[in-house]
Amino acid sequence: MADIRSGIQYMFQTRNPVTLAVSGTGHSAMECAIFNAVEAGDSVLAAVNGIWGERAADMAERIGARVNTIVAPPGGFFTNAQIEQALSKHKPVLLFLAHGESSTGILHPLDGIGHLCHKHDCLLLVDSVASIGGAPVYMDQQGIDILYTGSQKVLNAPPGTAPISFSERACRKIFNRRTKPASFFLDLSWLSNYWGCDGKATRVYHHTGPVSAFYALRESLAILVEEGLEHSWERHGKVAEYFHTGLERMGLKLFVEDKALRLPTVTTIVAPHGYDWKEITSYIMKTHNLEISGGLGPSTGMVLRVGLMGCNSSISSADMVLAALRDALTHCHKSKV
Ligand code: PMP
């Protein structure tokens with residue numbers, strides 16, 4: 001468990017002592033962050049430019065928070081000025097932002113947002129499920145108060161554990177709550193004792209940890225450490241660029257026009273005109289044994305989504321997907337209108 005904690009600290013670029021893995025998938029870390037940091041009646045701001053902001057807003061509503069959103073269309077993002085305006089208007093205790101918006105393919109800029117949040121006495125919560133290890137994140141330097149991810153994306157570990165870390169500022173709010181968090185299972189006081197983050201000499205049984213999944217998570221973190229974060233970021237960036245060039249050469253259009261805002265791990269392709277996107281994904285699944293998804297939430301029907309992350313971020317995997325798409329475009333039905 002100590003090795004896992006230091007692996008996560010490295011992956012997140014943080015020295016936060018309250019760093020651990022939640023027993024569950026990415027959604028459990030999302031709820032762990034929100035359920036601990038927010039009390040009923042608190043104001044929460046969710047940046048919604050895809051499904052993840054929508055879900056964060058839904059979770060905060062369920063515990064009685066006063067939720068406001070700033071909304072950008074799928075494929076859009078928020079400028080720091082827009083964020084600051086919303087912070088002044090709604091005075092939230094927490095801002096949710098997805099760094100890797102996997103339903104739309106946006107890599108959201110992070111610089112300066114932590115500073116703005118702190119200026120307005122707000123905690124910054126960042127979802128890095130689809131991005132960590134594939135694109136730079138510096139939790140401490142960027143002033144992120146709560147950061148979480150999942151085990152099954154860039155880390156390539158089995159799903160079922162979700163790394164999460166809390167800044168001192170976040171802990172101050174959480175450990176001085178007026179009310180207990182709604183979830184016993186996700187209560188940070190219990191979890192931080194279970195993970196040995198609270199400095200107490202003894203650990204009290206809280207729940208049975210998924211130990212096999214913890215061993216797998218430990219190994220996946222060791223592999224990331226061996227490769228080195230910078231190298232991993234660079235590899236994901238290069239493979240994504242190669243893949244995107246290949247798609248454009250085939251006549252396909254990328255959903256995110258600005259190269260700097262393209263998520264290197266999840267590529268969104270504009271659903272090709274004249275085709276039924278479901279026929280393309282089923283054809284590729286049946287013929288090539290590859291799973292390509294359609295859109296999700298607000299991007300449904302608009303895009304095809306391809307995930308190349310962790311060990312799958314390689315030129316050979318990119319070539320395999322390009323060949324499958326080329327084949328699908330020649331074999332699937334194309335309407336003449
Ligand atoms: N956030 C983002 C950005 C994601 O891509 C995902 C998974 N697709 C999640 C949260 C939820 O993770 P999980 O499916 O592991 O619960």
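Close-up 1. W233 is buried, with a relative accessible area of 10% (buried means under 20%, exposed over 50%, partly exposed in between, with a 1.4 Å probe and protein chains only). Y138 is partly exposed at 27%. This is a predicted model: local features need pLDDT of at least 70, side-chain atom pairs count only at pLDDT 80 or more, and totals for chains, interfaces and linings use all residues. Residues are numbered from 1 along each chain as its sequence is written, and side-chain values use heavy atoms, without hydrogens and water.

**Close-up 2. Aromatic pairs.** Rings of Phe, Tyr and Trp (its six-membered ring) pair if their centres lie within 6.5 Å; planes under 30 degrees apart are stacked, over 60 edge-to-face, the rest tilted. The count comes to four aromatic pairs. The Y138 and W233 planes stand at 70 degrees, with centres 5.5 Å apart, so this pair is edge-to-face. The F184 and W190 rings have centres 5.0 Å apart and planes at 50 degrees, so that pair is tilted. W190 is partly exposed at 30%. Y194, W195 and F214 form one aromatic cluster.

Close-up 3. A side-chain N or O atom of H27 lies 2.6 Å from a ligand oxygen. For S102, a polar side-chain atom is 2.6 Å from an oxygen of the ligand. For Q152, the distance is 2.8 Å.

Key:
A polar contact is a pair of N or O atoms within 3.5 Å; within protein, one must be able to donate a hydrogen and the other to accept it, and residues adjacent in sequence count only if both atoms are side-chain atoms.
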